[in-house]
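Please keep the sequence and the structure in view while reading.

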Amino acid sequence: MTSKSVSSNNYESYLEYNGKGRGLKSWIFSTDHKRIGLLYLITMLIFFAVGVTFGFLMRLELIAPGKTIMDPQTYNAIFTLHGIIMIFLFIIPGLPAVFGNFFLPILVGAKDVSFPRLNLLSWWLFLIGGLLAIISVFLPGGPADTGWTFYIPYSVRTSTNVFPALLAAFVLGFSSILTGLNFVTTIHRLRVPGMTWFKMPLFVWSLYSTAWIQVLATPIVGITLLLVILERAFGFGIFDPALGGDPVLYQHLFWIYSHPAVYIMIIPAMGVISEIIPVFAQRTIFGYKFIAFSSIAIALFGSLVWAHHMFTVGMSGTAMFVFSLLTFLVAIPSAIKVFNWVSTLYKGSIATDPPLLYALGFIFLFSIGGFTGLIQGALSVNMHIHDTSFIVAHFHYVMFGGTGFGIFAALHFWFPKMFGKKYNLQKAKYGFWTLFIGFNLLYFPLFVMGWLGMPRRYYDYLPEYHIYHLVSTIGSWILILGLIIMFGNFIYALLKGEKTSEVNPWGGETLEWHVPTPPPLENFDEIPTIETDPYQYVQNNSDNVLVKEAN
Amino acid sequence: MSSIDHSASHVHRDDVGSRLGMWLFLFTELILFGGMFLVYSIYRFNYQQEFHLAAKELNTLFGALNTIILLTSSLTMALSITALQKNQKGLSIFLQSVTILFALAFMVNKFFEWSAKFHHGIFPGSETLLEKSNGEILFFGLYYIMTGLHGLHVIIGVVLIGVMTYFTSKNRITSDNYVRLESAGLYWHLVDIIWIFLFPLFYLIT
Amino acid sequence: MDNHSHSNNNHTPHYGIYIIVWLALLILTGVTVAVAGIDFGGLTIATALLIASIKSYLVLTIFMHLKNESKVFSLFVGVALLFLLVSFVLLFADYSFL
């Protein structure tokens, strides 16, 4: 739509309004959903930097067989921390807590979420959990070396700091629950008049499905980690085989949460892609209801497939069969989404701006990740590639290539709206291509050597795997270069970039493109009314979304 | 999807939304205990005889008494909300206080029950317990964790209701603004529901 | 539902119903203790769980006012219980069938 510029001088944006406190206090005690979103963004990116550093060190160690830069115990600790940080502190909160907090209320036309103070509490819990994870590195005893999965019985017996790491995961889970609870209530109660369920933007649908998983699945891992904590502290013997416990039961409980958690990570990214594609193709999204329901379907089926992480532990034949079948089923809703995105692009007037590049990168990498996931869903193949680097490649394609690129796409898409600053489009494109090439160089060799038998989490390897490890490590340097270009571009834009108050730089149709840039404190001067579907690009579309604008 | 009304965005108070949020929170509590019931069910399935044997050590009388206490406290909690709805502030405060007293009685009872077990040398990691079979060790492990965590929830409930009683006395909870009392009530009833399942599964399987 | 009046339960409050439910709960507790001694074989635990479920149903609908809330609340409870149920069923797929 032609951006209807709302005069930007006669309001105070959320960045300027400080409320009661000043300086830092006006941020860390703010209950404004936009400020909380930015708090999450900053903390999350700091943890991301730490996680990337650990990943870089691991890759560097693996550049040649034998000891390169660290001893095996350090290596074990580093892959554990890399996993914990990337999963609990980066990918899980990445989209819901950052962009969900910032844009969910705006997208549904509300002034804030349902429980703003609870929202602030959840950020504080997030911070405390993150600090606990960091503290566990420096306490005597050494950082946890169990892998992020904390498998029993090793996690009960190792003398490293498993306790603070478990506690960190527990607290972070609580933070995630509060966010989910807040979003479900907000979506049910605070939609603007006229916004029926099927007029909600698709990002809202994806957040809704995600929020339900956060509320329902997280408590299971909460209690499981608590049981391990108690077992370590008092010797209960709930999972310890020496006392009759069943370590496989631990794995079941762990994955009852942790597999749905994968969908907590990916569904919001799919929502972002569903927002970006129609804007940059200037076309109505193809199959709105299918995309909306496929989010729900993924949440539903995603809760039923957890044991496909455990095909080699000796489960019953029935369980193997059922979980393998369900795993194949969960691919269907994901495929529906990919089909609909591509169909939306068909015959669109495509603008290859950075957000769309990242969205296309998402589709490409996620598809590879998804298809290789199906390969592992087949029982016989799984026996061969279980716990090899094939798995590592698969989930990095899904988690980093999918969710990570989704987060970057969202950043490029909403950055001007969030900060009122323009970033350099050309540099953003360079960043994308460097990242994309580095990514594939880093992770694709893992597929190949995994297929050939390279186990995951191994400190050393046979000489025949050397070439793949070498390529992979070089890829990691290119990937990091891409990250530096991308974040350098953003930081430059924040510090020195051109200010913009352009309301609708990309020509979007959802509500966030109708509020001033950057948004004012309570988002809307007057509550808008929705009459049409969210992605009306085909008709002459400048006037029909907001009734008040038409008048 | 049901279409509940969408006009709530401009009222600052949204009682339905608050209760919806509270219910969602209760689900997390429910599933937290649900996870433990999962563990319980698997081990009971694997060690049926041992669980029967171990349960003989538990005193049904203690359990039944505590069930009655907790059910009655649930009643007084529900009544206190009705009293407030009828604008009977004094009665409501009285009923809330009675609820707290029942909760404390529950904890005292629990304390004696646990002390008796400890006295017999049955506690996690004790020699008496480690001499028993694996199934019995698991039973008592689960017994301590589940009733302990439930007890923790009772204590949280006591604090929560105590705050509500204070608010009621200071007129911060009134007959036309009592959603916080309702939420505390919902929490308390959930604690009750969990006990409704804990009781037969631990005390009545002999 | 009416947001502006803030009154949530559009029924007039009564004490009586709670007392009746409380009595029912006590009676059910008595029943579950009484039948616990009888050996129904595999049905023993089913009986105990059935009685506990009836008790929970009473607490949910009456004490927790689910009966007077909008349908969304019941739907939510259904979703949560379904999640638990499915977890039990799928978990037992590993333990009980061979």
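## Chain C

In this predicted model, 30% of the 98 residues of chain C count as buried. The secondary structure of chain C consists of 3 helices and 0 strands, and the order of its elements, read from the N terminus, is α-α-α.

Chain C is split into two domains, with domain 1 covering residues 11–64 and domain 2 covering residues 70–98. Between the C-alpha centres of domain 1 of chain C and domain 2 of chain C there is a distance of 21 Å.

Where chain B meets chain C, 42 residues of chain B are in contact with 36 residues of chain C. On the side of chain B that touches chain C, the elements giving two or more residues are α1 (15–46), α3 (60–85) and α7 (179–203) of chain B, and α3(B) gives the most, with 12 residues. Sorted by class, this side of chain B holds 23 nonpolar, 12 polar and 7 charged residues.

Chain C also touches chain A, in a contact that takes 11 residues from chain C and 12 residues from chain A. The side of chain C that touches chain A is made up of 9 nonpolar residues, 1 polar residue and 1 charged residue.

## A helix pair in chain A

Two packed helices are described by the angle between their axes and by the distance between those axes. In chain A, helix α7 (residues 202–234) packs with helix α8 (residues 247–281) at an angle of about 165 degrees, and their axes are 8 Å apart. Because angles over 145 degrees count as roughly antiparallel, α7(A) is roughly antiparallel to α8(A).

The crossing of α7(A) and α8(A) is left-handed. In the contact of α7(A) with α8(A), the residues divide by class into 21 nonpolar, 9 polar and 1 charged.

## Cis peptide bonds in chain A

Most peptide bonds are trans, and most residues other than glycine have a negative phi. Against that background, the peptide bond joining A:I152 and A:P153 is cis, with omega about 0 degrees, and A:P153 belongs to the loop between α4 (116–138) and α5 (154–157) of chain A.

A cis peptide bond also runs from A:T517 to A:P518, where omega is near -15 degrees. A:P518 is located in the loop between α15 (466–496) and α16 (547–550) of chain A.

## Positive phi values in chain A

A:K347, a residue other than glycine, has a positive phi, near 65 degrees, and its place is in the loop between α10 (317–345) and α11 (354–377) of chain A. Since a residue with 12 or fewer C-beta neighbours within 10 Å counts as exposed, A:K347, with 9 C-beta neighbours inside 10 Å, is classed as exposed.

A:D387, which is not a glycine, likewise has a positive phi, of about 55 degrees, and A:D387 sits in the loop between α12 (379–385) and α13 (389–419) of chain A. A:D387 counts as partly exposed because it has 13 C-beta neighbours inside 10 Å, a value that falls between the exposed limit of 12 or fewer and the buried limit of 20 or more.

Note on methods
Residues numbered from 1 in each chain as written. Chains lettered and ligands numbered in written order. Predicted model: local features only at pLDDT ≥ 70, side-chain atom pairs only at ≥ 80, totals over all residues. Contact = placed C-beta atoms within 7 Å. Nonpolar A, V, L, I, M, F, W, Y, C, P; charged D, E, K, R; others polar. Domains from an automatic or database assignment. Axes fitted to C-alpha atoms, helices over the stretch in contact; angles between N-to-C directions. Helix = DSSP H or I, 4+ residues; strand = E, 2+ residues; numbered from the N terminus. Parallel < 35°, antiparallel > 145°, perpendicular 65-115°, else oblique. Left-handed = near helix turned anticlockwise from the far one by under 90°.
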